[in-house]
Amino acid sequence: MKCNPRLELCLIFSMAHLRSLIIVTSLLVGSYTATFAQSAYLLPPAEIVELVDAPATPGFVVSPDRTHAAILHYSGLQTIAEMAEPELRLAGIRFNPATHGPSRARHASRVEFTTLNANWSVPVNELPADARLSNFSWSPDGKKLAFTHTTPEGISLWYADVSTQKATQLTDAVVNAVMGTTLRWLPDSRHIIVSVIVPDKGSVPVKPTVPISPLIQENVGQQAAVRTFQDLLRDASDEALFEYYATAQLMMLGLDGTQKPVAKPGIVWTFDPSPDGNYLLVNTITKPFSYIVPFQRFAQRVEVVGLKDDNVQLIAEVATAENLPLGMGAVRTGPRNFSWRADAPATLIWAQALDGGDPKNQEAERDQLYFLPAPFTSVAQPGPKTVLRFAGISWGNGNLALLSESWPRTRQSKLSRFAPDKPDIAPELLWERSSEDRYNDPGRFQTVPGIYRQPVLQTDKSGNKLFLIGQGASPEGDRPFLDEFDLRTKRSKRLWQSQAPWFENPTLLLDPDRLILLTRRESNETQPNYFVRDLRRNRLSQITLFADPMPRLKSLQKQLVHYQRADGVPLSGTLYLPEDFRPGIDKPLPTVLWAYPQEFKSNDAAGQVSGSPYTYTRVGPTSVVMLATQGYAVLDNASFPIVGEGEKEPNDSFVEQLIANAEAAINKLVEMGVADKERIAVSGHSYGAFMTANLLTHSSLFAAGIARSGAYNRTLTPFGFQGEDRTLWQAPELYRQMSPFAFADKMKTPLLLIHGADDNNSGTFPIQSERYYDALRGHGAIVRLVMLPLESHGYAARESVLHMHWEWLQWLDKYVKNKKK
């Protein structure tokens, strides 16, 4: 193993690698009932290897002036060797200390430019060798594309010119991307603000090999109930390492080679130029750091820096948020959600809770908005108040802005119109609706670059009509649409909607007066590509020529299946069948049901169909759909609603509703002649794995199950999980009933557990699968545990993904396809 000359990096990597090896070794030698002499990652059949290795769908990023687009060609899965590069896990962040950047990032290897009026593209030339490109950002004028390039030594900043199709390097490998925000263009399109490593910052703090003190935390009578988080700071050494790597210097770089430092170095979380380019809004993380929450809830210092005079104006000092109230809709007290008003030169806006940030407090209004224009020395002016929690603003002009509010517990959402320049006029309600109601979702309002090249509401020439793009959910599936919204009548008019047998999704309204749309169009037989649709002339012009990435899946039979739960709730799922299978004629197939439970407050919303029967079959590397190439029927994304109407909470009948959903799906598949009732498996990831374990525990519906990266003991998530905000102490019996770990003695069905050994998702710590396996083994269950070294909540290494598919097939072939009668 190669090590960085800095000793602490060797130690960090060695310990992380050792932990993964210990986990694998324990599986090999821990118990004679669970010993597998496995010396390598194994491969599934060639058909699945081909699908896993299929090229990724290119990214397509349109320029702000809407004349060009960048086509981004992404690399395939990482290798396990790349996953094993050094990694630090501090304050809720995982990063590579050698590069000062994310340790598990996705990179593009090639970039092309294309125009939106022709179906040709040209490659960007003079890209770096072995390009690993990310952080793409168009200049406001749409003439240049900035991006970063990652090497083992660090991250450098580049840009490509549309007119020359040439890439130019702006910096050496000095970019600091630990905190996420990396670069921002100034409105002049000639300068970029970038986060860089502080020069001459000294040597890396060395973590003591011998402890110098105990680890102590103390609470003195203050409630600080938090959900479970991973990768938190644990001691003073962690604090020192976090501060060392996360501290950055902001630099203003000119495309002509000029450089100027901006403000003092700090742990800069976010930075955003004002619309006029004269100021920079900077949010810096400050001490004291917390050991119980990630960095997003650390103390913060919010400042505005003058880019011309270097003057620094303090806007707010925000305290650490360790003691947020429990419940959905809880927010920190004091100012939050700082941003610029997009249609003004330099006006700050933020929200502040009127209810103490506590959703349990009954107040007439929840939030107050504030405005503060440059030079930021006056008293902030109060703006609108919200009845629900503030959820964002779409800016238009001094007479038009749209204010969004929401309340997670009830799924209630509101949209109001207000005039930012006329604060005495109360907001006017445009609509109030349930966010769960997909069938009546009005869509999202479209924006265009305004006079300051910031996104503002897109209107027609009169300024009275806005435009909405939505998914068009319906009982027949999604049918995306373009609507016109009249501000005077508050009514929408349908301008266009996708028609079968195509699934055509509008992405941009290029011209609101000529009604020209950019769409992404596909069908069962045709891979997705981008088109320009002229609605007035009824013309369709293809822009991209992306190749079919998965021709093997085109032969599968695909059907959107509708059925009904015993209590009348409509359900649906997408069924995939082998090419030559004839339902009702051929012998029923071994079948896999894949699902993820979702919580609803109404039966009507729970029964709404999602997805479309007309999409091209393109799946991710870990998709269950690949099993259809191996002789299985697959019901993908089967509806599994968990409903709690009125005063009832969804989880009050969680297990009963799981079983009802599963029974309905099985009955439908058997009735269709697709499935053999004795040869059906259930599977899911994360909350779907939790579902799988509960179904096998409390029913005898399935021949086997496969649970990936789940949580099985709810006492390990005592302050809430998923949509449940009651605590273990408020609802102890609920937590027990929903924990399959508590009923390990009842498991009679073969269960395969798969988990990333370094899972950092809140609640799904690797110990969840490890302890559940121990409990099941202790009660004589048929169970297998596969821990994937170095993997997080989703699996990223090619070796891990292919081995996961091998495990799936081995388990299903043994306990489902070839099940003994």
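Modeller: Start with serine 686. At 12% relative accessibility, serine 686 counts as buried, because the cut-off for buried is under 20%. Keep in mind that this is a predicted model. Serine 686 sits in the loop between strand S43 (675-685) and H7. Its backbone deserves a look too. Serine 686 has a positive phi of about 65°, although it is not a glycine.

Now step from that loop into the helix. H7 covers residues 687-698. Two packed helices are described by the angle between their axes and the distance between the axes. Here the axes of H6 and H7 come within 10 Å. They cross at roughly 85°. That angle falls between 65 and 115 degrees, so H6 and H7 are roughly perpendicular to each other.

Which residues make the contact between H6 and H7? From H6 come Phe654, Val655, Leu658, Ile659 and Ala662. From H7 come Tyr687, Phe690, Met691, Asn694, Leu695 and His698. By class, this contact has 9 nonpolar residues and 2 polar ones. It has no charged residues.

Two of those names lead onwards. Leu695 is among the residues with the most contacts inside the largest nonpolar core. That core has 62 residues. Phe640, Phe702 and Leu753 are also on the list of those with the most contacts. A second, separate core has 38 residues. Val634, Ile754, Tyr795 and Leu809 are included in the second core.

Take phenylalanine 702 next. Leaving aside residues up to four places away in sequence, phenylalanine 702 touches Ala662, Ile666, Ile680, Ala681, Val682, Leu695, Leu696 and Thr749.

Strand S39 (residues 589-595) holds proline 590. Is proline 590 buried or exposed? Proline 590 is buried, with a relative accessible area of 5%. Setting aside residues up to four places away in sequence, proline 590 touches Gly631, Tyr632, Ala633, Arg679, Val816 and Lys817. Compare that with leucine 560. Proline 590 and leucine 560 are 30 residues apart along the chain, and their C-alpha atoms are separated by 19 Å.

Proline 570 lies in strand S38 (residues 570-577). Proline 570 is partly exposed, with a relative accessible area of 37%. Beyond residues up to four places away in sequence, Tyr563, Gln564, Ala606 and Gly607 are touched by proline 570. Aspartate 486 is 84 residues from proline 570 in sequence. From C-alpha to C-alpha, the two are 34 Å apart in space.

But asparagine 538 is exposed, with a relative accessible area of 65%.

Other loops carry cis peptide bonds. The bond from lysine 287 to proline 288 is cis, with omega near 5°. Proline 288 is in the loop between strand S16 (279-286) and strand S17 (299-306). The bond from alanine 374 to proline 375 is cis as well, with omega near 10°. Proline 375 is in the loop between strand S21 (367-373) and strand S22 (381-386).

Threonine 347 lies in strand S20 (residues 347-353). Threonine 347 is buried, at 11% relative accessible area. Among the residues that threonine 347 touches are Phe371, Leu372 and Pro373.

Last, the whole chain. There are 10 helices and 46 strands. Of the 821 residues, 55% count as buried. The C-alpha atoms fill a box of roughly 80 × 75 × 60 Å along the principal axes. With 821 residues, a compact globule would have a radius of gyration near 28 Å, and the 27 Å of the chain agrees with that. Of the contacts with a separation of 6 or more, 59% join residues 24 or more positions apart.

Methods
Residues numbered from 1 in each chain as written. Predicted model: local features only at pLDDT ≥ 70, side-chain atom pairs only at ≥ 80, totals over all residues. Heavy atoms only, no water. Core = buried A, V, L, I, M, F, W, Y, C linked by side-chain atoms within 4.5 Å. Buried < 20%, exposed > 50% of the residue type's maximum accessible area, 1.4 Å probe, protein only. Contact = heavy atoms within 4.5 Å. Axes fitted to C-alpha atoms, helices over the stretch in contact; angles between N-to-C directions. Helix = DSSP H or I, 4+ residues; strand = E, 2+ residues; numbered from the N terminus. Parallel < 35°, antiparallel > 145°, perpendicular 65-115°, else oblique. Nonpolar A, V, L, I, M, F, W, Y, C, P; charged D, E, K, R; others polar. Rg over C-alpha atoms; globule rule 2.2 N^0.38 Å.
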